[in-house]
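Me: I'm new to this one and would like to go through it piece by piece. Can you take my questions as they come?
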Amino acid sequence: MRYSPAISLGLDLRYRLDRYGSFVFQFLTTRLKTVDKYSVIFEGTGAQQNAQQDIRLFTIEGNEQRFQLVLGYRQGWEINQGLDFFIQPGISIAGIKVVSNKAYIADRSYELFIGGDNFNQTYGYVPRTATGVGGGLQTGFEFPLGVGHSADFSFGLYREKMKLWDWETNGWNKTLTASFYY
């Protein structure tokens, strides 16, 4: 299953040392969705004429809410009066909250995780959130818009530990960012 691209909203604060150097705090949040198909083989149905299998496709869906908190240092270089290039290394904390995971059979949906959302299955409930730490780099262009104002466009690539219950992996978090500072 692959995630669909999503739009993140967030807060980007900088403590400027000068025009080119600054400490950075970023907080981004997004809702992700993944949808795919799975197959079920039905045995003993009327569709099994001539010894053919009765195989049907159904939808499986996952919804998550994620956040990314980045603490870093930005160093820029002037290209010309209206454009600076920057590199911003930093550490990252990524959090995942599973909102729902559903499998659909015909016109009904079934929650795949046993938990508090299903009152018939409240035993053994474990919160569906986790955080991991990583690091990475963001690079891009800043457009000075006057004293204390600017806009930038950047690409970030962070290698982060993603955790959920006992499952744990290192993955890449890639972002395209447009920011405005006032």
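Predicted model: local features only at pLDDT ≥ 70, side-chain atom pairs only at ≥ 80, totals over all residues.

Me: OK, where does Phe155 lie?
Reply: Phe155 is in strand β7.

Me: And how exposed is Phe155?
Reply: Phe155 is partly exposed, because its relative accessibility is 35% and that class runs between 20% and 50%.

Me: Which residues form the nonpolar patch on the surface?
Reply: Phe155 is one of them.

Me: Is Glu160 buried or exposed, and what is the nearest side chain of opposite charge?
Reply: Glu160 is buried and has no salt bridge. The nearest side chain of opposite charge belongs to Arg66, 6.6 Å away.

Me: Which side chains make a polar contact with the side chain of Glu160?
Reply: Ser92 makes one, at 2.3 Å. The side chain of Asn173 makes another, at 3.2 Å.

Me: What else does Glu160 touch?
Reply: Leaving out residues up to four places away in sequence, Glu160 touches Gln68, Ala94, Val133, Gly134, Thr169, Asn170 and Gly171, as well as Ser92 and Asn173.

Me: New topic. What is phi of Ala106?
Reply: Phi of Ala106 is near 55°, a positive value in a residue that is not glycine. Most residues other than glycine have a negative phi.

Me: Where does Ala106 lie, and why does it count as exposed?
Reply: Ala106 lies in the loop between β4 (83–105) and β5 (108–111). Ala106 counts as exposed because its relative accessible area is 63%, and the cut-off is over 50%.

Me: Last one: where is Arg2?
Reply: Arg2 is in the segment before β1 (9–16). Its relative accessibility is 74%, so Arg2 is exposed.

Me: How many residues apart are Arg2 and Lys33 in sequence, and how far apart in space?
Reply: Arg2 and Lys33 are separated by 31 residues in sequence, and by 8.8 Å in space from C-alpha to C-alpha.

Terms used:
Residues numbered from 1 in each chain as written. Heavy atoms only, no water. Buried < 20%, exposed > 50% of the residue type's maximum accessible area, 1.4 Å probe, protein only. Lys, Arg positive; Asp, Glu negative; His and termini not counted. Salt bridge = Lys/Arg side-chain N within 4 Å of Asp/Glu carboxyl O. Polar contact = N/O pair within 3.5 Å; in protein donor to acceptor, adjacent residues only side chain to side chain. Contact = heavy atoms within 4.5 Å. Helix = DSSP H or I, 4+ residues; strand = E, 2+ residues; numbered from the N terminus. Patch = residues over 30% accessible without salt bridge, like charges linked within 9 Å, V, L, I, M, F, W, Y side chains within 5 Å. Areas by Shrake-Rupley, 256 points an atom, 1.4 Å probe, with all protein chains shown as cover.
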